[in-house]
Every structure is written in C-alpha cells, then in structure tokens.
Amino acid sequence: MVSLDRRFLIGNFRGAFVVEGKGKNPTESIFRLMLKHQFIDGLLTCSKTGESPKLILKSDEVELPSKNTCFGVNSLLKKAIQKYRFSRLAVYAPACTFDGLNKTQYFGIGCNWTKTAISLKVGFLCPGLLTENAFNAELADIAGKSTGVKRFYFDGGNLFYLLEDGASLKIPLSVHHHYTNSACRYCLNMAAKGTDITCVNLKEEDRVLLIVRSERGWSTLAHLQKTAPGEVLFRKAEEELLASVENFLREKILLNIADIVERVELGLPVPKWNDNKLRKFYRIWNSVDINFEEEVF
Amino acid sequence: MFYRDKLSFEEEDFKLKVGFLHFSSCSGCQVAFLDMFEEAVEILDTVELVYSNMLTKRRDIPRMDVAFVEGALCVEDPHHINLLRELGKKAKMVVAVGGCAAFGGVRRLSCGNQLPQPQHQTFVPITEVDFLKTKVKYAIPGCPPNPSLLYSFLLALLEVNEDFLLPFELMTSSTKASGFDIISEVVNKGFCVGCGTCSTACPTRAISFNRECGKPAFNANLCVHCGSCLAACPQSFKPYPQPVYV
Ligand code: SF4
Ligand code: SF4
Ligand code: SF4
Ligand code: SF4
C-alpha cells in the first residue's frame, strides 16, 4: 500500500534548513566554497540553461541549471572519472540521474570505479523535466507567451516560472504534467530520496531549502560552516514550508499514479516493463502492489 | 604472486581456483580481468588464478572452479574445439566475459575468410553453445567490461550475493544486445529519463545524447553489440538491492 505521507513523499532526513546566500544563489555558493576548500575536485551538472551537461572544475565557474531541464548529466561520467581522474566529484541533478549513478556504482557497470570517485550527491526537488520545445509549448498553452523561462521555484506548494520578461507565472500542475518528459509522468521520487542533500528552489533567488538526508551530507555542511563561517546562513526550516513541499509532491504524485494505472489498464508495461526476457527482474524490483517505497529507485 | 603454475593441488587448498580462457577475441577482456587484480587485494587470499594464456606458462588446462571465458567459438578452429571440450571437462562453472563471449559482440560484425586465418568464418558466442549450456552460469556485458565490474562480480561470486548475480545469470539467455535495446526497451516505452548513463557506458560512442529531445541517439554503425547500454540504464531492470528510501 502506498501512503502519501511525508515519509513517502519527502523521505527521511536529518534536518531541513533554509539557507541564505547574501544576495547569491546559496547552492552555488556552497559548491563554490566546496571547490575552493577542496572538499570536492569537480562538480558534474548541467549548464545554467540546462541545455548540456557540464563538468565544473573551478570555483569561479560554478553555475547551476536554473530551469527544470537537466538532461544527460551521466554522459560525462566516464570523461570525468576515467579521463580526468576526478576522485571527489559532486553531482547536482534530478533524482533519476542518481539512479543511473547508483547503479553504476553498485555494479561497476558503465564507468570504471565510480563507487569511490563520487563525494556528494545533491538532488533538486524536481517538478519534471522539459525540453526547450516543451517549455515553449507549455508557456504558449498556459499564458499565450513566447518568452523564455529563467528559473523555476516553489512557493506555497505551487510551481512557478520566473520568465525572461521578469514576470512570475504560476504553473498549473495538471497542464505541466502533460509537457514533462514521459518518464517524469511515472516518477515517484521527485524529492530525490537517496541523495545526500535535496535542494528546493524558493521564490527569492538567494534562499533555498536544503533537506539534509545522509550523514555524509550533514557532516559536509557542518565542516563547511566551520571552514567558511558566515558565508551562507543556515536557519531551521519552518514546518509550514515543509508542509507546502509535501503538498506539491502529493498533488504531482497523484497525477503520476493515475498515469501508471492507465498504463496497466491499457496493458502497457508499467515502470518498469515486464518484457518476457526480463520478467524475473520485473518481479524483483517492480512489485508495485507490495511496496512502492522500496521500488521507486 | 597470486597465480601459480603447478600441475596438482593439495587437498587442503581451499582457494577458489579461477582460470581465464581465450577464444576468438581481441584479449581486451583478459587485460581488464588482469587489471582488476591490481585492486583486488582483499580477495587475493581466497582466489587463485590457475590458468591464463597470458600469465601462466602451462599449456595444459587444469581443473578449476570458475572459468572466465572471453571470445566467440570459431567452429573452423580445431584449437577452439579442443578448448571447448577441455572447458566442459575441467571447469565447474563458466562465466562468459564481455560482448564476444556473451552475445557475439564485435564478432557479430565479422564476415570471416580474412588473412591471416582465411579458413575462419563462423563465430558463435559461448552462451549459445549447447554443449556448455549447463555450465555457463553468467554472462557479463561490456567491451571490455570494466575492471571494477569484474571485481564486484568476483566478490559477489565469493559471497554468493544472488541479488548482484541475478542479472548476469539472466543475460546468458540473451542472444541479442545492441543500442536498439535502449531505444525499443526504454525510450519507446516512455521510460527514458534522459540521464545519459547509457551514453557513458557505451565503449564506441554509438550512443550519443540528443539535446533537443533529451534522449539518447543511437548510431548502429558504431555498435559492437556489447550489451553495456541496457545493463547500465537505470530504467532497465533493477535487480540490485534497492536502497530503501524512507
Ligand atoms: S520527475 Fe523524476 S524522472 Fe523526471 S526528471 Fe525529475 S526525478 Fe527524473
Ligand atoms: S568483448 Fe571487446 S574487449 Fe572483450 S574480447 Fe571481445 S572485442 Fe575484445
Ligand atoms: S550501443 Fe554501445 S553500449 Fe550498447 S551494445 Fe552497442 S556498443 Fe554496446
Ligand atoms: S540510461 Fe538514461 S538516458 Fe539512457 S536510455 Fe536509460 S534512462 Fe534514457
């Protein structure tokens, strides 16, 4: 049985903090400091516009994708680890990128010695990814506009786009749902459970909600505060903020579950498929009616 | 030294005896296998390499617990036929290592009849040889598989970690492997999340990343049928122990 409670929607975490970056994007500031103080030797993510994966080597080059588009991050793994020999790599991406990364780490498949080369996994709360064409179509549908999207954020449990013309646009989830990448319509891990830290973009560009999950995430941030005190300010997140995140996730996941059910009705393979060749695999990891929580990965 | 060249083994020797056998292939898999031992300090006490055409001097094939095999069987090569018979007699279990042995790999592209071996024409992955069917327990994708994959595999074998081993067991019955799998099994079924793992897993850059649609693009001309892409994709089978996200 799936229970759409906080434990399922957001997942377990050690602490949640609103982080302020003194006029700068706090997540970028954190990565800048980590590179500067050599906590990490590289950052794997996407370019600011999200159009291509990017490997960042210097602290003054840190820029994170600000739109909800961030495809192909893992395609640079081999280059980073086998060619450039990074051994303390941080990754900033949506949850599904970490699924690929974790699988690579567990099996050793795909890229050699990934297990020991990754230092920190930072996921972002993901409303579903869009391609550039999908952004254009979505905006035309919702607002009849052709201006570009600058950044996405969450406010009061709703998804917003800050547009290039300076306007903020509330994005109705029922419409947004149909413009996202297909796989995002079946996703049950938008909160990036299984990473060290989940970032939630907030309305103000210099504020972010950090959901710290693992011991590694916790000690990295603690160490950072000691090394560079006062550079970013941490304040315990209010319950109201967490509840709004939870509400957003609940609304989106209900849409996703409806789509999964529809696939079952149509006799289409549900995530993941039950192709004969892989029936045994399917049984192992996709016992949908047993426990979603263990199977979302 | 972790390998040995003796002919007989004492009863009290409890080490897992592994060998590496070479059929028609480029030997890249064997190099990756030997590479793995550099990192494998933890298992040197429990594993012993008893045969490798690259490292051991012996010509006869000793009995072994696990035979790792690279390459496809060339039916026209009497040496291969002998090797196959020996394998059937001497190995308790066979692991097909790499695309050539597991799915035909680059051998799928060979038309044979070429110098210096113009009589060689037929290349069959060892997973398809009925004579060995009961012995070939696992197939490992890759061209070559990463040393870290071989290392994790060997550890799993020693620990009898069935969760880890299961996908490799199932891959023995897969006779096709190509980038088309990624398209037909993942992308076309609506499951591709655009993470790019398949592209990093591909040894030949047959899979690139299409930025416009946020999905992989496949160039069949470059594919060597190694099976890495589908095996690495997080949206394909996920038989490995799942972290419990709570
Ligand atoms: S919604 Fe889920 S599948 Fe889609 S990009 Fe976000 S984390 Fe990945
Ligand atoms: S699978 Fe690739 S590396 Fe291994 S033997 Fe065949 S061609 Fe060589
Ligand atoms: S596309 Fe690449 S990874 Fe996939 S089977 Fe072909 S060569 Fe191997
Ligand atoms: S590895 Fe990632 S990009 Fe490639 S097919 Fe699978 S989900 Fe898509």
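Predicted model: local features only at pLDDT ≥ 70, side-chain atom pairs only at ≥ 80, totals over all residues.
## Helix packing in chain B

Two packed helices are described by the angle between their axes and the distance between the axes. In chain B, helix α4 (residues 147-159) packs against helix α5 (residues 162-170) with the axes 9 Å apart and an angle of about 115°. The range for a roughly perpendicular arrangement is 65 to 115 degrees, and α4(B) and α5(B) are therefore classed as roughly perpendicular to each other. Their crossing is left-handed.

On the α4(B) side, the contact involves B:Leu149, B:Ser152, B:Phe153, B:Ala156 and B:Leu157, which meet B:Phe164, B:Leu165 and B:Phe168 of α5(B). By class, the residues of this contact comprise seven nonpolar, one polar and no charged.

## Helix packing in chain A

In chain A, helix α2 (residues 26-36) crosses α8(A) at roughly 75°, and the two axes come within 11 Å. The helices α2(A) and α8(A) are therefore roughly perpendicular to each other. From α2(A), the residues A:Ile30, A:Leu33 and A:Met34 take part in the contact, and from α8(A) the residues A:Thr220, A:Leu221 and A:Leu224. The contact of α2(A) with α8(A) has five nonpolar residues, one polar residue and no charged residues.

## Aromatic pairs and an aromatic cluster

Over all chains, the structure holds 23 aromatic pairs. One of these is formed by A:Phe17 and A:Trp218, whose rings are 5.8 Å apart centre to centre with 50° between the planes, a tilted arrangement. A:Phe17 belongs to strand β1 (residues 15-20) of chain A and A:Trp218 to helix α8 (residues 215-227) of chain A, so the pair ties together parts that are 201 residues apart in sequence. A:Trp218 has a relative accessible area of 29% and is partly exposed.

A further pair is formed by A:Tyr84 and A:Phe86; the ring centres are 6.3 Å apart and the planes stand at 70°, so this pair is edge-to-face. Its members fall into separate accessibility classes: A:Tyr84 counts as partly exposed at 43% relative accessibility, whereas A:Phe86 counts as buried at 10%.

One aromatic cluster contains residues of chain A and chain B. Chain A contributes A:Tyr106 and A:Phe107, and chain B contributes B:Phe20, B:Phe33, B:Phe68, B:Tyr138, B:Phe153, B:Phe164 and B:Phe168. Among these, B:Phe153 of α4(B) and B:Phe164 and B:Phe168 of α5(B) also take part in the helix contact described above.

## Backbone geometry

Most residues other than glycine have a negative phi, and most peptide bonds are trans. In chain B, the peptide bond from B:Leu115 to B:Pro116 is cis, with omega near 5°. B:Pro116 is located in the loop between α3 (98-103) and β6 (123-125) of chain B. The peptide bond from B:Cys143 to B:Pro144 is likewise cis, with omega near -10°. B:Pro144 is located in the loop between β7 (136-140) and α4 of chain B.

Positive phi values in residues other than glycine are found at A:Trp113, with phi near 55°, and at B:Arg205, with phi near 60°. A:Trp113 occupies the loop between α4 (95-107) and α5 (114-117) of chain A and is partly exposed, with a relative accessible area of 25%. B:Arg205 occupies the loop between α7 (197-201) and β8 (207-210) of chain B and counts as exposed at 71% relative accessibility.

## Two alanine residues of chain A

A:Ala90 is part of strand β4 (residues 89-93) of chain A. This residue is buried, with a relative accessible area of 0%. Leaving aside neighbours within four places in sequence, A:Ala90 is in contact with A:Phe31, A:Ile40, A:Gly42, A:Leu43, A:Leu44 and A:Leu120. From C-alpha to C-alpha, A:Ala90 and A:Phe39 are 9.2 Å apart in space, and they are 51 residues apart in sequence.

A:Ala137 is part of helix α6 (residues 132-143) of chain A. At 32% relative accessibility, this residue counts as partly exposed. A:Ala137 and A:Thr114 are 23 residues apart along the chain, and their C-alpha atoms are separated by 38 Å.

Notes: Residues numbered from 1 in each chain as written. Chains lettered and ligands numbered in written order. Heavy atoms only, no water. Axes fitted to C-alpha atoms, helices over the stretch in contact; angles between N-to-C directions. Helix = DSSP H or I, 4+ residues; strand = E, 2+ residues; numbered from the N terminus. Parallel < 35°, antiparallel > 145°, perpendicular 65-115°, else oblique. Left-handed = near helix turned anticlockwise from the far one by under 90°. Contact = heavy atoms within 4.5 Å. Nonpolar A, V, L, I, M, F, W, Y, C, P; charged D, E, K, R; others polar. Phe/Tyr/Trp six-rings, centres within 6.5 Å; stacked < 30°, edge-to-face > 60°. Buried < 20%, exposed > 50% of the residue type's maximum accessible area, 1.4 Å probe, protein only.
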